[in-house]
Amino acid sequence: MSSIFSLTMLAESIRIAVPYACAAIGGVWAERAGVIQIGLEGILLTGAFTAVSVTHATHSPTLGLVAAIGAGIALSLGHGQLTERARVHAVISGIALNLLALAATRMGLRALYDSASNSPGIEAYRFGPTGATGGAMLLRVLADPVFFCALAAVAATPFVLRNTRFGLRVRAAGENPVATASVGISVTRVRLSALAVSGAICALGGAHLAYDQQRFESGMSAGRGFIALAAVVVSGWRAGRAALACLAFGVLEALQITLQDEVRKTAVGDLIQTLPYVATLLVLALAPRRAGAPEGLGKHAAE
Amino acid sequence: MNDKRVRALLPIVLAIAGGILLFNLIAFAFGEAPASALRVAFEGTWGTPYGFGQVLFKATPLLFTGLAFEVALRAGLFNIGAEGQLALASLVGALVAANLPASLPMPIALPIVLAVAAAVGALVAFVPAILRARRGVHEIITAIMVNRIVDAILPWTFSTVLGSTSLRTADIAPGAALPRLDRVVPSFAGSAASFAFPLAVVIVFAAMSLLDRTRPGREIRWVGLRPEACRAEGIDVERRMLLAMLLSGALAALAVSSTALGYKGYYELGLGAGAGWSGIAVAMLGRGKAIGIVLAAIFLGTLEQAGLAVNARVPKEAMDVLEATLIVLVAVASRVASKRTGVVQAADPEPEPPRDNPAPTPASEEARS
């Protein structure tokens, strides 16, 4: 039992929570600006693939990280162009984005590494002490530059949304696009800017996921983008709470990993893997109904 | 009338032309002369009777999943859970089919298996459906969660419940199997096209006409168009949403007829995977018409089979890239087309009454246009 309340557990929880939290913050940015974004999953996946393939080619995880962020911004802006300019339904665009990311990364695996399942291993960031103690693990997790970027994004998002002119405009575009446009603000431009931020932060999560595994695996985002979206909904579209929800999720998943070996021997067996998804369903079922959704979510300034 | 039909078809033609262009670009990127890759793709599909049989075989599950996505879309819902609905229904359906007595004749055995599969599919769809109808939770998040849960349940059922290591069920009873099409069209010999294809076409036309001509079917559509108006009219909106979603799950599950029943004769892990996702593209390309769904399914079946034909030169994953791009292309093209029509309407002398609140375009219409 002592293994449940330990530094190792804390380190694991934080490590697991980072991709969720990045995707959730990305979701907050997109949806607070009024753009439905179910393509977070695809951006996570693309971010992970770009980070690994660039790191593999250049041996520089920093370049990989930058490329991943660039890919995330590009995909997110593509979604924005489709929904805001071409007025394609955001759910359809998001579904297509997810399918495209899954197929394109698979094609990339075949093209670059001639593999159907995973890339070769890469050398990601190595900071902090070596060793298997809980303290060392925690320090390694906290000293990771990607974690630091993610933490900065989580901390800055509520502040920027609440206190800056840009944040105000983003919220205005999300709450009432018609009124926002009527005071001379380009809703489209504000939303695209917010989507760029969203894509960058979400792709950060993808890079973290890939660097953590030290390689890319086909479909490795494994529904995280959707769980993050659930965190956004449950948190009432507030960044801080969404990140906390993701941390709680990290704790749950770390617990699952710790208990896995015990449970595997029982009849439950591999069903323990469904714990994150069952938990998400339960939380969504029991949370209050659609509290705090931006009023203008999915609406446009002009038809 | 004729002009209208042309306008409805134009986006699809444009999207397919764009898709072929993209395929050539991808082939070129993999160092293939575009025209030669295209020729291989054609020869492997429509070029031979066997290839064409394979196209029909690949198209069959897409007919069911495309119809399934369309039914939910009519109610303004996005059923992206077809993947999980089909997988669990295939497993349970094949298990039931394997345990039927071998002497049971087809007119009894086949309906039993299909009914069981449809019921399981509806049950899997019930989770996102009830959460949406009662709790207002978006069905997309919940459907993905259910998909992933099913993904874990399947291997667990094989290993823990059935105690088998082969990750497949026993062979199904002969009465539950659908015969291959080469029984009546000998030149299809060797291809996996079965009587599931004509069955699927009949079900697509029957379901679409029921949706258009029966009261519950039309109510599903109204709910997708104007839920508030339906509520005012006394239509139970939540119940119609539930009905559409359960129907969608049941229809997706029927795709088992072409995989376990018409092809393998048993269910193994991963059989039929991907059909749920392709069904979305089928529904988008099909434009809400039965004939559209049939043609779209055959087109995407062609893509899938062509992917296998060119796999040695261009990875077959290129076809999935193409499919996702087609969803976007057809959505953009039809949006542009409907904008054109919008201009014509705006030029109408009848002025529109002023509104305080511009009504948002309903989900079911906007998604398609």
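Analyst: Two residues are in contact here if their C-beta atoms, placed from the backbone, lie within 7 Å. With that cut-off, 79% of the contacts in chain B between residues at least 6 apart in sequence join residues at least 24 apart. This is a predicted model, so local features need pLDDT of at least 70 and side-chain atom pairs count only at pLDDT 80 or more, while totals for chains, interfaces and linings use all residues. Residues are numbered from 1 along each chain as its sequence is written, with chains lettered from A and ligands numbered from 1 in the order in which they are written.

Let's zoom in on helix 4 of chain A, residues 90-113 (helices are DSSP runs of H or I of at least four residues, strands are E runs of at least two, numbered from the N terminus). The end C-alpha atoms of this helix are 33 Å apart, which agrees with the 34 Å that its 24 residues should span at 1.5 Å a residue (the expected span is 1.5 Å times one less than the number of residues). Of those 24 residues, 20 are buried, so helix 4 of chain A is mostly covered (buried means 20 or more other C-beta atoms within 10 Å of the residue's own, exposed 12 or fewer, partly exposed in between).

What does this helix do at the chain boundary? In total, 39 residues of chain A are in contact with 38 residues of chain B. Helix 4, helix 10 (224-234) and helix 12 (275-286) of chain A each put at least two residues into the side that touches chain B, and helix 4 gives the most, with 13 residues. That side of chain A divides into 24 nonpolar, 7 polar and 8 charged residues (Ala, Val, Leu, Ile, Met, Phe, Trp, Tyr, Cys and Pro count as nonpolar, Asp, Glu, Lys and Arg as charged, and the others, Gly among them, as polar).

Helix 4 of chain A is followed by A:Asp114, which has a positive phi of about 50° although it is not a glycine. Most residues other than glycine have a negative phi.

Chain B has 15 helices and 0 strands, and 55% of its 369 residues count as buried. Its helix 4 covers residues 82-99, and those 18 residues should span 26 Å, in agreement with end C-alpha atoms 25 Å apart. Helix 4 of chain B is mostly covered too, with 16 of its 18 residues buried. Its axis comes within 8 Å of that of helix 6 (residues 139-161) of chain B, and the two cross at roughly 25° (axes are lines fitted to C-alpha atoms, for helices over the stretch in contact, and angles run from 0 to 180 degrees between N-to-C directions). The pair is therefore roughly parallel (under 35 degrees; over 145 is roughly antiparallel, 65 to 115 roughly perpendicular, the rest oblique). Among the residues that meet are B:Ala87, B:Leu88 and B:Leu91 from helix 4 and B:Val150, B:Ile153 and B:Leu154 from helix 6 of chain B. By class, that contact has 7 nonpolar, 3 polar and 1 charged residues.
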